[in-house]
Amino acid sequence: MWKMLKINNILLFIVLVSFFSCCTVKATVSYDGRSFLINGQRKILISGSIHYPRSTPQMWPDLIQKAKDGGLDVIQTYVFWNVHEPSPGKYNFEGRGDIVKFIKLVKAAGLYVHLRIGPYICAEWNLGGFPVWLKYVPGIEFRTDNEPFKVAMQGFVTKIVNLMKSENLFEPQGGPIIMSQIENEYGPVEWEIGAPGKAYTKWTADMAVAQNTGVPWVMCKQEDAPDPIVDSCNGFYCEGFIPNKPYKPKMFTEVWTGWYTQYGGPAPHRPAEDLAFAVARFIHNNGSFFNYYMYHGGTNFGRTASGLFVTTTYDYDAPIDEYGLLNEPKWGHLRDLHKAINQCEPALVSTYPTVIWYGKNQEAHVFKSESGDCAAFLSNYDPTYSAKVTFQNVQYDLPPWSISILPDCKTVVYNTAKVSAPSSQVKMTPVGDQLSWQSYIDETPSADDSDALEMNGLWEQINVTRDSSDYLWYLTDVNIGSDEGFLKSGQDPLLTVVSAGHALHVFINGQPSGIVYGELDNPKITYSSNVKLRAGINKISLLSVAVGLANVGVHFETWNTGVLGPITLQGLNERTRDLTKQKWTYKVGLKGESLSLNTVSGSASVEWAEGSLLAQKQPLTWYKTSFSTPEGNDPVAIDMGSMGKGQIWVNGENIGRHWPGYIAKGSCGDCSYGGTFTEKKCQRDCGQPSQRWYHIPRSWLNPSQNYLVVFEEWGGDATGITLVRRTR
Ligand code: GAL
């Protein structure tokens, strides 16, 4: 008997030990068909995206606090491979790349993290987050069943997971990371490429799970996400989304709070009422995790914005604006929504809803738990008309396209279309004295320069620059015989240059002869113009300009940039001369870049003009000045309204590409919140520069003597540039 007891005790001990070891290590974050569970507790998780490299470490604590005050539980971020591994095996986790610091700040604020490792991230980020060197790994093909790619991807994922583990950042280790993401929206690619895509998905899932992070993995827009990976939905609305297994929670990884801006396009705006409606609709349809993409969009500093002309601002019309100020009423309206959802949480997580249909456009979703909790969502999907519904013998008025939330099934605490948060108006107020500028005009280089490369034919731009600069010169000579008919007739020959993009300056014998650039979704360009040539040798200099590399599309790594031809001269005695295959000389970057004119020390290497000699409206001009930091704490911006296109540096930090010369085309009509939203609805600022103001983070400023450099491609009026203070 005693022996029996002892054996039973030992067995019990073994069972208990294995139970706890299983569950402290593995099951701190789990899920089922209703929700995620953290340490056994069911949660409706409210999340928002803040991308750490799109703001400065000095801004992070305030952004995170504002997210917490706005009612978020989770901060979601991608991991930016090209920030962390700029060259193979050389890692950077400093400054805006200090991901560990960012995650620790989120933890200190008491919030969780959803870490989207990717490492493909899309995100309107240069090359979708991939380092440019990855393109040149022999035999590589991105995002498919390709050995070199898989080796590189696994290497980076493992590097990040190990970094997180070594800092104890996963939830079972006491850290804030409750889930991760592998890949990003791979489903549509897999669908297009078929078998290798399927194999890659399986490999990806196995590789991720084998990392043993102790928290669930998510694959967004991936209907066949293998178990135990959770599939999830991205979009403006996701109420109809159904996870691929009944035992997976319904997750909305990207509720788009607005949209990104492109040069040439207007500023997107998503009304707060519609955004709240989309979230409430998702929640009343069993949703249990949603994430605002973006909650703070921030800035594409430097050359980080992706191709297809994504602007330097990544404001996104997010609840916190680019500068870190509250975008009201959106922020407040969502905070109120989150309070209402939190009040409903006990009922929401303990049951599935029953739905009452009142007709085509009205419903009630009722969550009644066994323990007596009751929460109801009364909805009116009619985009234009309000409606009355009777629920539990009480009549409720529902504005068009709205949902009322009743956390006790009686009292309406929130309606998605009734905004009580105050609105805020953006003000950009000029500050400081008139800036006093000096200028230096860059040069069309000579083919004899020691760093020029001579090659036959036309070369793809990124292959030559490896994206070390936006700029690549293509130089060639054209010999014109003295017997050419056009020299007498005066009918100048026609030069045609076909380029894969994204912008192009043409110089003939050092004289500017035109600028062309791509538009919105079409980066390809053709220059075609009659040009002045003389008898003898003529110098044709083409400055090809990249404006960020594509971040999306099947095999976007194969997209070309630069002048690939054909290049022809028409109207000669021989009719047409093809210049495509002749000798071309290449020079990477501008002279001013190689001299580091963006730094104080570099700027001493050239003579600058000032006063009456200051360059006015001249292409390829560098401008420099210094300024004192505006007083107070309001965010600072630079008004570039008088300029065309180029880049800006403050104290050596690259603020980003400016392109106020690109005027927004599109329709910016009335905006009603009712009805299905798309990114083309409710746009703003048509006929204005797509981006006029550029954020200068205060932490990059000294009290005085801030060194400001502008490189202007087109020619602008630098005396029109002013510093401004942003308030709302
Ligand atoms: C999603 C993608 C995000 C971002 C977004 C548009 O499809 O996952 O990374 O690109 O579109 O802003």
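Over residues 35-340 the chain is 29% helix and 19% strand, and the end C-alpha atoms lie 18 Å apart. Helices (H or I, at least four residues) and strands (E, at least two) are DSSP runs, numbered from the N terminus. The model is a predicted one, in which local features need pLDDT of at least 70 and side-chain atom pairs count only at pLDDT 80 or more, while totals for chains, interfaces and linings use all residues. Residues are numbered from 1 along each chain as its sequence is written, and side-chain values use heavy atoms, with hydrogens and water left out.

In UniProt, an unreviewed entry annotates residues 35-340 as "domain: Glycoside hydrolase 35 catalytic". UniProt positions are given in the numbering used here, feature names are shortened, and annotations may be inferred rather than shown by experiment.

The ligand has 15 residues around it, and of these Y78, E124, E185, E254 and Y316 come nearest; a residue is counted if one of its heavy atoms lies within 4 Å. The shell divides into ten nonpolar, two polar and three charged residues. In this division Ala, Val, Leu, Ile, Met, Phe, Trp, Tyr, Cys and Pro count as nonpolar, Asp, Glu, Lys and Arg as charged, and the others, Gly among them, as polar.

An N or O atom in the side chain of E254 is 2.7 Å from an oxygen atom of the ligand. For N184, a polar side-chain atom lies 2.9 Å from a ligand oxygen, whereas A123 places a backbone N or O atom 2.8 Å from one. Taken alone the ligand exposes 310 Å², of which the protein buries 94%; these areas come from the Shrake-Rupley method with a 1.4 Å probe.

A further UniProt annotation from an unreviewed entry, "domain: Beta-galactosidase galactose-binding", lists residues 471-538 and 620-706. Residues 471-538 are 7% helix and 56% strand, with end C-alpha atoms 22 Å apart. Residues 620-706 are 0% helix and 31% strand, and their end C-alpha atoms lie 23 Å apart.

Four strands form an open sheet in the order β26-β23-β28-β29, with antiparallel pairing (two strands pair if DSSP finds at least two bridges between them). Because β26 (525-530) and β29 (575-578) stand at the edges with a single partner strand each, one side of each is left without a neighbour in the sheet. The twist averages 15° from one strand to the next, with axes fitted to C-alpha atoms and angles running from 0 to 180 degrees between N-to-C directions. Strand β28 (residues 563-572) is joined to β29 by four bridges, and the two run antiparallel. Q570 stands opposite T576 in β29.

Key: Polar contact = N/O pair within 3.5 Å; in protein donor to acceptor, adjacent residues only side chain to side chain.
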